[in-house]
Amino acid sequence: MEYAMKTSECKHNVTTQFEAQSRRLLYIDDNPLVLETVKQLLSKTDYHLLISDDPFKGLCCLVKNKPPTLFIDANMGKINGFQFCALIRAQKQFQYLSVIIVLEFSNIIEQAKARAAGDSTVLIKPFGRAELVALCEKTGIRAA
Amino acid sequence: MNPLLEAQRSLLAYCRELTLMLKQSLLAYFSVSPPQEKKDYFDELKKYSEELDLLEAFYDSENDMALAKQLHNQCVLLGNEHFQDNEEDQLRLLAKIFQLLAQISATFQR
């Protein structure tokens with residue numbers, strides 16, 4: 001089986017054609033190194049990865065592409081992951097969305113904040129391919 | 001203390017910035033002559049107005065007038081040949097864009 005990951009950088013306004021709706025995920029982190037790592041981790045899978053290094057451009061990407069799963073970093077400059085999550089959960093159109101808040105370390109306070117922000121799963125850094133893929137599958141993205 | 005209110009505050013600041021950049025691009029679009037420069041500013045206009053449109057549900061959920069969608073459509077029309085050749089229609093279109101920008105900016109105050 002041949003694997004091909006497609007990556008779209010929303011900040012560059014890339015219009016994409018998706019092979020399968022259910023295999024898309026959006027990852028938002030204002031650290032480009034993290035995005036590069038995620039790209040590499042998913043490089044031999046057939047997930048369609050959308051990335052954004054700006055939370056508000058990422059929000060535009062979310063509205064435009066409506067991926068079923070969102071990974072968002074908890075600590076960003078303009079708006080943090082918990083605030084972002086509260087913002088999208090206030091919208092009916094995103095109640096379907098699986099949100100994974102990515103934390104720097106395991107901390108009960110941060111985990112409680114993630115839960116309070118609207119039923120979100122958490123992922124602790126650093127994480128590997130197996131963890132990432134397992135979470136994708138668990139939250140509704142199905143590999144072909 | 002309230003993540004939703006804090007998020008909305010940050011979003012409004014971002015959208016205010018977008019409207020300012022859009023206005024600057026609009027002024028620049030009408031002040032340059034080389035086609036490539038004009039195209040670059042036109043692309044910026046489309047980009048900023050599209051972002052405002054995509055984010056509208058988050059900063060103005062009570063209003064169903066879709067002001068930002070109208071703004072985006074008007075900005076796209078600026079590139080239309082008809083409006084480039086007809087000064088009076090272009091003027092009318094530009095006035096409409098300024099009106100919509102003012103209405104959108106007013107929603108940021110609510």
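Which residues in α3(A) meet which residues in α1(B)?

On the chain A side they are Phe82(A), Gln83(A), Phe84(A), Ala86(A) and Leu87(A), and on the chain B side Pro3(B), Leu4(B), Glu6(B), Ala7(B), Gln8(B), Ser10(B) and Leu11(B). Contact here is a matter of C-beta atoms, placed from the backbone, lying within 7 Å. By class, this meeting of α3(A) with α1(B) has 8 nonpolar, 3 polar and 1 charged residues. Nonpolar covers Ala, Val, Leu, Ile, Met, Phe, Trp, Tyr, Cys and Pro; charged covers Asp, Glu, Lys and Arg; the others, Gly among them, are polar.

Before going on, the housekeeping. This is a predicted model, in which local features need pLDDT of at least 70 and side-chain atom pairs count only at pLDDT 80 or more, while totals for chains, interfaces and linings use all residues. Residues are numbered from 1 along each chain as its sequence is written, and chains are lettered from A and ligands numbered from 1 in the order in which they are written. Helices (H or I, at least four residues) and strands (E, at least two) are DSSP runs, numbered from the N terminus.

Back to the geometry. The axes of α3(A) and α1(B) come within 8 Å and cross at roughly 90°. That makes α3(A) roughly perpendicular to α1(B). The axes are lines fitted to C-alpha atoms, for helices over the stretch in contact, with angles from 0 to 180 degrees between N-to-C directions. Under 35 degrees counts as roughly parallel, over 145 as roughly antiparallel, 65 to 115 as roughly perpendicular, and the rest as oblique.

α2(A) packs on α2(B), residues 35-59, at about 75°, with the axes 9 Å apart. α2(A) and α2(B) are therefore roughly perpendicular to each other. Leu59(A), Cys60(A), Val63(A) and Lys64(A) make the contact from α2(A), and Glu51(B), Leu54(B) and Leu55(B) from α2(B). The class count for this pair is 5 nonpolar, no polar and 2 charged residues.

Taken as a whole, the contact between the chains uses 16 residues from chain A and 14 residues from chain B. On the chain A side, the elements giving two or more residues are α2 (55-65) and α3 (81-89). That side divides into 11 nonpolar, 3 polar and 2 charged residues.

How enclosed is α3(A) by the rest of the structure? Largely, because 8 of its 9 residues are buried. Buried means that 20 or more other C-beta atoms lie within 10 Å of the residue's own; 12 or fewer is exposed, and in between is partly exposed, with C-beta atoms placed from the backbone. The buried residues of α3(A) pack against α2, β4 (69-73), β5 (98-103) and α4 (108-116) of chain A, together with α1 (3-31) and α2 of chain B.

One of those buried residues, Cys85(A), is also among the residues with the most contacts inside the largest nonpolar core, along with Tyr27(A), Ile72(A), Ile101(A) and Leu71(B). That core has 57 residues; a core is a set of buried Ala, Val, Leu, Ile, Met, Phe, Trp, Tyr and Cys residues joined through C-beta atoms within 7 Å. Ile101(A) touches several residues, including Ile72(A), Phe82(A) and Cys85(A), not counting residues up to four places away in sequence.

For contrast, Ser106(A) lies in the loop between β5 and α4 of chain A. Ser106(A) counts as exposed because it has 10 C-beta neighbours inside 10 Å.

Now each chain in turn. Chain A has 5 helices and 6 strands, and 39% of its 144 residues count as buried. Chain B comes to 5 helices and 0 strands, and 28% of its 110 residues count as buried. The C-alpha atoms of chain B fill a box of roughly 50 × 25 × 20 Å, taken along the principal axes.

Last, confidence. pLDDT is the predictor's confidence in each residue, from 0 to 100. Chain B averages 91, and chain A averages 82. Within chain A the lowest element is β1 (residues 6-9), at a mean of 54, and the highest is α2(A), at 96. Residues 1-6 of chain A fall below 50, and residues 11-19 of chain A stay under 50. Where pLDDT is low, the predicted coordinates should not be read in detail. For the complex, the predictor gives an ipTM of 0.87 and a pTM of 0.86.

Conventions: Two residues are in contact if their C-beta atoms, placed from the backbone, lie within 7 Å.
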